[in-house]
Amino acid sequence: MADVIYDAIVIGGGPGGSSTASFLARAGKRVLVLEKEHFPRFHIGESLLPYNRRFFADMGVLETLEKEGFPLKTGRNGRYTREATAFQVERSRFDHLLLQHAEKSGAEVREGITVTRFENTAPDAVTVETRDDAGRAQIVRARFLIDASGRGNLTGNQQGIRVVHPHLKKLSLFGHFTGVKLDDGRASGDTIIVRLENKWFWIIPLAMEKVSVGCVMDQAEFAAMKQTPEQVFNGIVQSSAVMRERMKDARLLNTIQATSDFSYRNKRFVDHRLIRVGDAAGFMDPIFSAGVHLAMYSGKLAAKAVIESLAAGDDGAKRFRKYERRVTRAMQLYWEMVEGFYTTPFIEVFFEPRNKFNLPSAVTALLAGELEGGWKVYWRMRLFFLIVKIHSRWPILPNICFEDKPAESRAPQFVHPSSDPMMEQTVKQL
């Protein structure tokens with residue numbers, strides 16, 4: 001076997017891969033990032049969480065992002081929430097800035113390189129096989145491999161360990177628009193979520209005259225319609241009084257695109273000298289905008305585990321298992337929130353906050369990205385889910401009706417800024 005060249009190879013240059021590479025490179029490790037596309041490239045998922053700012057600061061990229069002038073969505077510091085503002089980002093620019101930062105931090109970045117397979121049977125190294133845009137093959141080795149390949153899920157698919165969620169088989173229809181009606185003043189940068197009976201819309205301001213609007217629906221329902229993505233999107237907009245009002249003067253800037261949003265997770269997040277981060281560990285419905293946050297959270301933890309394992313001179317097995325436990329616990333809380341969002345009892349509890357036991361503050365903290373809140377947040381989240389379960393059997397709150405009515409009649413469809421759910425009664429009934 002040839003001598004190992006790199007301390008770590010990172011598959012994928014998105015937020016998870018870029019953050020992992022930045023932390024490794026800033027620690028003086030020799031790291032190679034292999035990205036199959038050429039940045040900048042279009043990507044969906046523009047709404048970030050407040051706690052992303054902490055990762056940006058730790059990586060040394062916060063000042064760069066602040067200078068870009070990305071819109072801010074604002075909330076309020078709650079009892080357990082230490083961050084109250086978040087960026088709304090056009091992912092082509094944002095992802096490119098993070099990848100450039102990883103390179104400036106000392107990582108070697110190669111774009112246009114597709115990883116075709118990996119091998120981790122050797123005791124002291126991992127091997128990846130690659131192909132460039134011209135079809136040239138190469139083999140690269142390192143002590144550790146970080147899979148940040150997103151929903152491409154390269155290592156999980158090769159090992160056959162992807163498990164698709166049995167119910168969350170969704171599809172997103174989305175585009176960029178101008179002329180969308182936003183809220184006034186301080187709330188103009190907030191994400192707006194419009195919840196219909198079995199689907200939902202996002203409205204995310206990206207710039208003064210550019211707004212991302214998307215609809216998440218069941219893939220089976222979309223297939224049964226036998227229409228183009230634009231026809232389906234426009235039809236659903238017209239079915240909602242709230243969306244008709246928001247979109248009455250909107251003009252499409254590009255095209256309506258469709259992408260499958262099958263929620264899944266891999267049976268394992270780690271393997272011999274291998275760590276999966278972000279969507280390569282598991283992908284969930286984007287309702288709570290947690291994707292980039294979980295990618296960077298897991299990326300930072302993965303970098304720490306690799307750095308400590310390199311210092312110890314071992315394969316990192318014990319550290320990797322600790323990593324898996326922490327990431328599993330973080331993801332599980334969001335999974336429960338996502339699963340609940342598609343049930344009526346959850347919505348009826350979620351949109352009728354009561355300030356008992358500081359439950360709204362705990363939910364807000366989690367949805368802001370507080371993953372290190374400890375027991376004081378965790379037990380309150382367990383109580384929140386228990387209340388939802390009780391309400392599903394013995395209703396204790398008003399029922400919701402999703403029938404479409406004129407906006408002025410205050411029909412109970414809902415819009416809320418996702419940066420500050422449940423806090424200060426910010427939910428608006430329309």
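Q: Which residues of α12 are buried?
A: They are Leu359, Pro360, Ser361, Ala362, Val363, Thr364, Ala365, Leu366, Leu367 and Ala368. Buried means under 20% relative accessible area, exposed means over 50%, and partly exposed is in between (1.4 Å probe, protein chains only). With 10 of its 10 residues buried, α12 is mostly covered.

Q: What kind of model is this, and how are its residues numbered?
A: This is a predicted model, where local features need pLDDT of at least 70, side-chain atom pairs count only at pLDDT 80 or more, and totals for chains, interfaces and linings use all residues. Residues are numbered from 1 along each chain as its sequence is written, and side-chain values use heavy atoms, leaving out hydrogens and water.

Q: What covers the buried residues of α12?
A: The cover includes α10, α11 and α13; contact here means heavy atoms within 4.5 Å. The names come from DSSP runs numbered from the N terminus: helices are H or I with at least four residues, strands are E with at least two. Just after α12, Gly369 takes a positive phi of about 110°.

Q: Why are Trp200 and Phe341 called an edge-to-face pair?
A: A pair of aromatic rings is described by the distance of the centres and the angle of the planes. Rings of Phe, Tyr and Trp (its six-membered ring) pair if their centres lie within 6.5 Å; planes under 30 degrees apart count as stacked, over 60 as edge-to-face and the rest as tilted. For Trp200 and Phe341 the values are 6.3 Å centre to centre and 85° between the planes, so the pair is edge-to-face. The pair links distant parts of the chain, with Trp200 in strand β11 (residues 200-207) and Phe341 in helix α10 (residues 317-341), 141 residues apart.

Q: How do you know whether Trp200 and Phe341 are buried or exposed?
A: Trp200 has a relative accessible area of 1%, so it is buried. Phe341, at 0%, is therefore buried too.

Q: How do you know that the charged end of Arg265 sits over the ring of Trp335?
A: A charge sits over a ring if NZ of Lys or CZ of Arg is within 6 Å of the ring centre and within 35 degrees of the ring normal. The charged end of Arg265 is 4.6 Å from the centre of the Trp335 ring. Arg273 lies over the face of Phe144, at 4.9 Å from the ring centre.

Q: What makes β1 and β8 paired strands?
A: Two strands pair if DSSP finds at least two bridges between them. Strand β1 (residues 6-11) and strand β8 (residues 137-147) run parallel and are joined by 5 bridges, so they pair. Strand β7 (residues 126-132) pairs with β8 in the antiparallel sense over 6 bridges.

Q: How do you know that the length of α13 fits a helix?
A: The expected span is 1.5 Å times one less than the number of residues. The 19 residues of helix α13 (residues 375-393) should span 27 Å, and its end C-alpha atoms are 27 Å apart, so the two agree.

Q: What makes a set of residues a nonpolar core, and which members touch the most others?
A: A nonpolar core is a set of buried Ala, Val, Leu, Ile, Met, Phe, Trp, Tyr and Cys residues joined through side-chain atoms within 4.5 Å. Of the 88 residues in the largest one, Met337, Met381 and Phe384 touch the most other members. The most is given by α10, with 11 residues.

Q: Why is Lys226 called exposed?
A: Its relative accessibility is 74%, so Lys226 counts as exposed. Lys226 is in the loop between α6 (219-225) and α7 (229-238), and has a positive phi of about 55° although it is not a glycine.
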